[in-house]
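I opened the model to look up strand pairing, helix packing and the chain contact. My entries follow.

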Amino acid sequence: MQWEIVIGIETHAQLTTQSKIFSGSSIAYGAKPNTQANTVDLALPGVLPVLNKGAVERAIKLGLSVGAKINSPSIFARKNYFYPDLPKGYQISQYELPIVEGGCIKIQTGETEKTIHLTRAHLEEDAGKSLHEDFQGMSGIDLNRAGTPLLEIVTEPDMRSSTEAVVYAKTLHSLVRWIGICDGNMQEGSFRCDANVSVRPKGSETLGTRCEIKNLNSFRFLEKAIDFEARRQIEILEDGGSIRQETRLYDANKDETRSMRSKEDANDYRYFPDPDLLPLEIAESWVNQLNDALPELPEARRSRYMTDFGLSAYDATVLTSAREIAEYFENTLERLPGQAKLCANWIMGEISGRLNKDDTEITACPISPTQLAALLSRISDGTISGKAAKIVFESMWNGELDQNADAIIEAKGLKQISDDGAIEKMVDEVLAANAQQVADYRNGKEKAFNSLVGQVMKATKGKANPMQVNEILKKKLQT
Amino acid sequence: MFNASLKQLSTQLAERKISSVELTKEFLQRIKTLNAEYNAFITVNEALSLAQAQNADQIIAAGQANKLTGIPIAQKDIFCAKDWLTTCGSKMLSNFVSPYDAGVIERFNQIGAVNIGKTNMDEFAMGSSNETSFYGPVRNPWDVAAVPGGSSGGSASAVAARLAPAATGTDTGGSIRQPAALCGISGIKPTYGLVSRYGMIAFASSLDQGGPMAKSAEDLALMLGVMTGFDARDSTSLQRDSEDYTRDLEKPLSGLRIGLPKEYFAKGMSKDVECAVEQALDEYRKLGAEMVEVSLPNSQLSIPVYYVLAPAEASSNLSRFDGVRYGHRAKSYDDLNDMYRKSRAEGFGAEVKRRILIGTYVLSHGYYDAYYIKAQKVRRLITQDFVDAFKQCDIMMGPTSPTVAFNIGEKSSDPIQMYLSDIYTSAASLAGLPGMSVPIGFGDKNRPVGLHIIGNYFKEAQMLNVAHQYQLVTDWHQRLPTGID
């Protein structure tokens, strides 16, 4: 039987506020345990939550950038359960009326575009952390993270493969960073995905029983976990079994998912509106103001790159994967009008490769767009070859000669010989010295031509403009 | 001095006829002598009180005194006060010394009032007789066999026995008004949102409201002026200009339209209470007020609605008492769940457990719509009744409690009878309206009767005026229980 995988994703994006969602404590990462937990975070008797406006602002921005409805009012609700790192015994979240409802995100897999619909996005507080190591026979509780603002972004079950799921997650990841609401740091847990996976016979309209997979803190794990889970479910169904609705945990070491709790064991969270927080009303004028201040979004920019600059969907997608990359690209292109493809190739190739190698971000790129444009302009005007340009690039990266491309070309003697007379002289010398190969070529041995080109290049120490060499050589051999 | 009004005390302090330290010592001495009999205080801390009194004397000497500077005030043990044991009447918090001040405590501290001690109360404010306190029942100064009412029974008893010039209380369904009535003192629960709930240990957040308890309406007005005001740390706190609640005290009452909800004068009220209420209304007629019959058709649903919503909120509010970070933790346990189970089983008393169970039940999957949502809808109907009735009158009156104080032990095994003590007060709480109780005489066994005054939203000044005018022509509020002299 042919199976279809159906995936929905829930993402917890930690918002880039200074302080917690309901208290004034800092949310900076890496502080000593419980040094960023005040009376409210500790849930002392009598303390009350006060909503952080910055968190609301960020939720609205997300809503606006996915074309969603901003609900006013939206309601904060209590999700009740006992756990030592949940100090109040309930988590303040949103249940029946989330702040963001609907909207969609377009994803690009190869040259195909697909729309992933969002169900909702709601504000909530994070829990603290239980530390099970370091304490013999006891657990430590760190409440620094308790109350960190999260936006939970939930999709419809619109994805059909782990690849689509990863592309969606990456697109969302890029969007939240693009609009500045989340730093996207997956290692620190600022961007966490859970996947709801089910399978069904291809062509079927009804959804299969789903399992929710938690603990997916990288795109690679997201992909592997979905693949494993889909295989597991298909095997069970093909053996005549049925799927139990449950929450499963992905174990990256074993590359498998395992049951955490079944639906029957799930808590009755007894959601009800939090009486400490009044319904959240959002002024339309504020929404409009935030909308006006929103930057051009990656999706819009991607299509602009395709129509205005003639870039492929792939190139446009890569260049708009982060706002900083797009800015870098545009700043380079501004100084090199009409050379979008050349700029794109170098940014996606040399620059990106070198950044990866040095494990750094484009914001820390040692070569500025102006400097890169200066280098690329020397390729396009024929001053240097592409190969020579890579040598110049390396020198610039290392900060040589004030990263001045022309100075480096000069110092390294990388200028191409583009003088017809000079090249002709070389060609004549080579032809004279290689009578046998000339004869071979004339007898139909094409390979001999390449060898002759090589000889000329060698004679000019690689500096001759290869196109000119080709042209002149061909002309000479035909006469 | 112990029977002086706040105004008199303030004058004495300002004229340096007495110092705050002397005054504080006098009340500390009274508490030392009499508290064993009434059990009105859970915690007295002479060192902390006297330090505040010394500070107050300096403020007075510097000429920066406010009306209540240097005056000892008893604080209900539901308000967190820095360095004070703050128990909320529960074993669960019997070891909890608060590291911070509640908004209300802060406001008293700012003007240099003296915290004379933390008063006894029903555990987590759940009760109408003060019998659910882990620290034992409070006794009614008018008759030590009788309950003082609850949950602010300690505050009511302390003021009635003149162990403090005034006290704070909190009211969720009648917890200021009912004990005020049963102890023959005055008490007001302001409009929901006027007094900060920050640091006031939550019972039912959408209903809880702090307020003063004192010997007279005039004293209440002074206290209320200190207690009310916007607090950014409480999202339900209202942003309003501060008010002088004494401003209308002297206004004549001619032309005042007093609404008498007919449902409150139907069956349920005992004869002695009815008699006292009728006499009080006659007094108001003499003062020039006219009586208008109004109707609150849904008010009979207020007790069932209250006992769905308040426990629902409480069940969640009390989840933080889990033995993990502070408060009572069982001595031995097998694992985490066992720790939770034992700590909460040992830390909470029977009434608190009953309400947590009710609240958990009504919020449970499958029951939520039938109970919680339904109750919220009825709550809106009850509120609408008041809005409609206030179109025909300026203020409403009725009995605060259906009976005078009952005996200790009389209703403690019958929760429904106990819950009905709040039958007249809970509707105003559900509507968020201000309500107050003033003493209007005595009923069976010479126990006090209170008149319930319900005002429209933010009409506290008017209510205090209405009560004060009555107190100018009557002396019920000046009567002292036997033995208090």
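**Sheet of chain B**

I found B:Ala74 opposite B:Gly117 in β3(B). The model is predicted: local features need pLDDT of at least 70, side-chain atom pairs count only at pLDDT 80 or more, and totals for chains, interfaces and linings use all residues. Residues are numbered from 1 along each chain as its sequence is written, and chains are lettered from A and ligands numbered from 1 in the order in which they are written.

I noted that β2 (residues 72–76) and β3 (residues 114–119) of chain B pair in the parallel sense over 5 bridges; pairing requires at least two bridges found by DSSP. Strands (E, at least two residues) and helices (H or I, at least four) are DSSP runs, numbered from the N terminus.

I then traced the open sheet of 11 strands in chain B, which has mixed pairing and the order β1-β3-β2-β4-β6-β5-β10-β11-β9-β7-β8. Its edge strands are β1 (41–43) and β8 (290–294) of chain B, each pairing on one side only.

**Helix pair of chain A**

I looked up α7 (residues 323–334) and α8 (residues 340–357) of chain A, whose axes come within 10 Å and cross at roughly 135 degrees. Axes are lines fitted to C-alpha atoms, for helices over the stretch in contact, and angles run from 0 to 180 degrees between N-to-C directions.

**Chain contact**

I recorded 25 residues from chain A and 35 residues from chain B in the contact, with C-beta atoms, placed from the backbone, within 7 Å as the criterion.

Definitions and conventions:
Contact = placed C-beta atoms within 7 Å.
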